[in-house]
Amino acid sequence: MSTRTAPAGHQQTGDPAPSILQQPRAVWAVAFACVIAFMGIGLVDPILKPIADQLDATPSQVSLLFTSYMAVTGVAMLVTGVVSSRIGAKRTLLSGLVLIIIFSALAGSSSSIGAIVGFRAGWGLGNALFIATALATIVSAASGSVAQAIILFEAALGLGIAAGPLVGGQLGSISWRGPFFGVAGLMVIALVGTAFFLPKTPPSEHKTSILDPFRALRYPGLATIAVTALFYNMGFFALLAYAPFPLDMTASQVGFIFFGWGLLLAVASVWLAPWLQRHFGTVPSVLGALVLFSADLAVMALFTDSKTVLVVGIIVAGAFLGINNTLITEAVMGAAPVERPVASAAYSFVRFSGGAIAPYAAGKLGENVSIHAPFWMGAAAVLLGVVVLYVGRNTLNAHQHVAGAADEEAEEEAELLAVADLD
């Protein structure tokens with residue numbers, strides 16, 4: 001698939017390890033596309049209130065931008081394996097990029113909240129097709145070890161999540177349409193680079209069934225971690241979708257706040273989470289991060305009238321989210337004796353349900369109960385996740401994969417990481 005002499009994870013004995021920066025152009029093309037794709041998650045956050053003000057929409061209506069995006073992404077994860085195993089990774093990537101370009105541009109051209117919500121759903125389908133195969137493609141095309149390839153992906157993930165609100169805030173300060181057109185333009189560049197530099201990838205010999213993810217959820221370990229992630233994502237997206245409203249700041253100001261959140265999330269994902277795992281173990285570290293995240297949301301619920309508390313609470317939450325993003329992924333990998341892409345699809349389908357429900361519920365609670373209620377809902381949901389994980393903690397060790405798995409499994413593992421790190 002590339003001109004290198006040894007595939008990722010197959011470095012020849014005695015050869016010096018190549019620099020992580022010495023990669024084929026195909027890797028950089030896909031990595032750039034990953035940055036833009038992950039920007040899409042937080043890009044709309046700074047413009048939620050401007051959209052509500054200019055289109056005369058309520059917070060719950062605007063929150064549907066997250067709900068439609070996450071709901072379609074979650075359902076689409078069930079079929080991405082079916083698609084990529086039949087048409088190949090490159091065609092799946094390009095299909096996803098084309099859909100993102102079309103629907104982000106259509107969203108920017110819309111004049112009603114209903115149309116934007118609908119086009120965000122199409123954007124979610126494109127993102128699912130792209131993200132589900134992006135890291136697997138990087139792993140298979142990269143020089144050096146699989147670990148180096150994954151670090152590249154994590155770097156793209158962190159850069160995209162951190163840059164999304166910042167870019168969205170600056171473009172949104174000009175017009176709420178700016179972030180949508182900005183994504184479309186950047187994705188055109190990513191599409192050309194991926195099409196030109198990434199070699200053809202054949203369909204897989206093993207064809208995935210759409211029923212496989214549902215069968216995988218019969219295993220208690222995978223079900224435990226998936227339901228934990230569902231409740232955790234409810235807290236995550238309650239924060240992401242509702243916080244801009246009580247902040248009541250400009251798009252640029254909200255963008256800088258969530259840039260700090262994304263930056264801390266990236267640092268915690270890449271450096272803090274592995275350190276905690278080595279010293280305390282995966283499950284204790286996740287439990288601790290969830291408890292602290294719930295406490296953070298509770299403080300924000302108590303002091304919602306204080307913008308200072310909200311700003312600090314949002315930024316600090318990035319650390320807890322980064323820890324969970326990385327370590328829950330580790331837990332999923334050994335949660336069931338099934339192929340990793342299958343476990344990934346099952347897990348993502350369940351957890352993205354939380355990301356779909358929470359934004360709309362938070363908006364409704366903020367409108368009909370009080371501005372404090374959405375944060376209380378998030379804190380309670382995350383605590384439920386703590387209870388689920390603690391009760392089912394012993395099931396997570398029932399089907400651990402053997403360390404040093406065969407090299408041919410690296411691509412499947414990469415697909416799991418790609419999906420699990422989506423938020």
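## Helix 3 and helix 9

In this predicted model, helix 3 (residues 59-87) and helix 9 (residues 220-242) have axes that come within 9 Å and cross at roughly 140°. Helix 3 and helix 9 are therefore oblique to each other. Their crossing is right-handed. On the side of helix 3, the contact is made by Ser63, Phe66 and Met70; helix 9 contributes Phe237, Leu240 and Ala241. Sorted by class, the residues in this contact are 5 nonpolar and 1 polar, with no charged residues.

Thr67 also lies in helix 3. Its relative accessibility is 15%, so Thr67 counts as buried, the limit being under 20%. Apart from neighbours within four places in sequence, Thr67 is in contact with Ala356, Pro359 and Tyr360.

## Helix 12 and helix 15

Helix 12 (residues 282-302) packs with helix 15 (residues 373-391) at an angle of about 160°, and the two axes are 8 Å apart. That angle makes helix 12 roughly antiparallel to helix 15. The crossing of helix 12 past helix 15 is left-handed.

Among the residues of helix 12 that make the contact are Val283, Val286, Leu290, Phe293, Leu297 and Leu302. Helix 15 takes part through residues including Phe375, Trp376, Gly378, Val382, Val386 and Tyr390. The contact of helix 12 with helix 15 has 19 nonpolar and 3 polar residues, and no charged ones.

## Phe293 and its surroundings

Phe293 is found in helix 12. Its relative accessible area is 0%, so Phe293 is buried. Not counting residues up to four places away in sequence, Phe293 touches Tyr232, Gly235, Phe236, Leu239, Ala317, Phe320, Leu321 and Val382. Phe293 and Val316 are 23 residues apart in sequence, and their C-alpha atoms are 8.7 Å apart in space.

## Aromatic pairs

The aromatic pairs number 15. One of them is formed by Phe103 and Phe119, whose ring centres are 6.3 Å apart and whose planes stand at 40°, so the pair is tilted. Phe103 is in helix 4 (residues 89-109) and Phe119 in helix 5 (residues 113-141), and the pair links parts of the chain 16 residues apart. Phe119 has a relative accessible area of 24%, so it is partly exposed.

A second example is the aromatic pair of Tyr232 and Phe293, which is edge-to-face, with 6.5 Å from centre to centre and 75° between the planes. Tyr232 lies in helix 9 and Phe293 in helix 12, so this pair ties together parts of the chain that are 61 residues apart in sequence. Both Tyr232 and Phe293 are buried. These two residues also belong to one aromatic cluster, made up of Phe66, Tyr232, Phe236, Phe237, Phe258, Trp261 and Phe293.

## Two loop residues with positive phi

Asp56 is not a glycine, yet it has a positive phi of about 55°. Asp56 is placed in the loop between helix 2 (48-54) and helix 3. With a relative accessibility of 72%, Asp56 counts as exposed, because the limit for that class is over 50%.

Asp248 likewise is not a glycine and has a positive phi, here about 50°. The loop that holds Asp248 runs between helix 10 (244-247) and helix 11 (251-280). The relative accessible area of Asp248 is 44%, so this residue is partly exposed.

## The chain as a whole

The secondary structure of the chain comes to 16 helices and 0 strands. Of the 423 residues in the chain, 58% are buried. Counting contacts between residues at least 6 apart in sequence, 88% join residues at least 24 apart.

Methods
Residues numbered from 1 in each chain as written. Predicted model: local features only at pLDDT ≥ 70, side-chain atom pairs only at ≥ 80, totals over all residues. Heavy atoms only, no water. Axes fitted to C-alpha atoms, helices over the stretch in contact; angles between N-to-C directions. Helix = DSSP H or I, 4+ residues; strand = E, 2+ residues; numbered from the N terminus. Parallel < 35°, antiparallel > 145°, perpendicular 65-115°, else oblique. Left-handed = near helix turned anticlockwise from the far one by under 90°. Contact = heavy atoms within 4.5 Å. Nonpolar A, V, L, I, M, F, W, Y, C, P; charged D, E, K, R; others polar. Phe/Tyr/Trp six-rings, centres within 6.5 Å; stacked < 30°, edge-to-face > 60°. Buried < 20%, exposed > 50% of the residue type's maximum accessible area, 1.4 Å probe, protein only.
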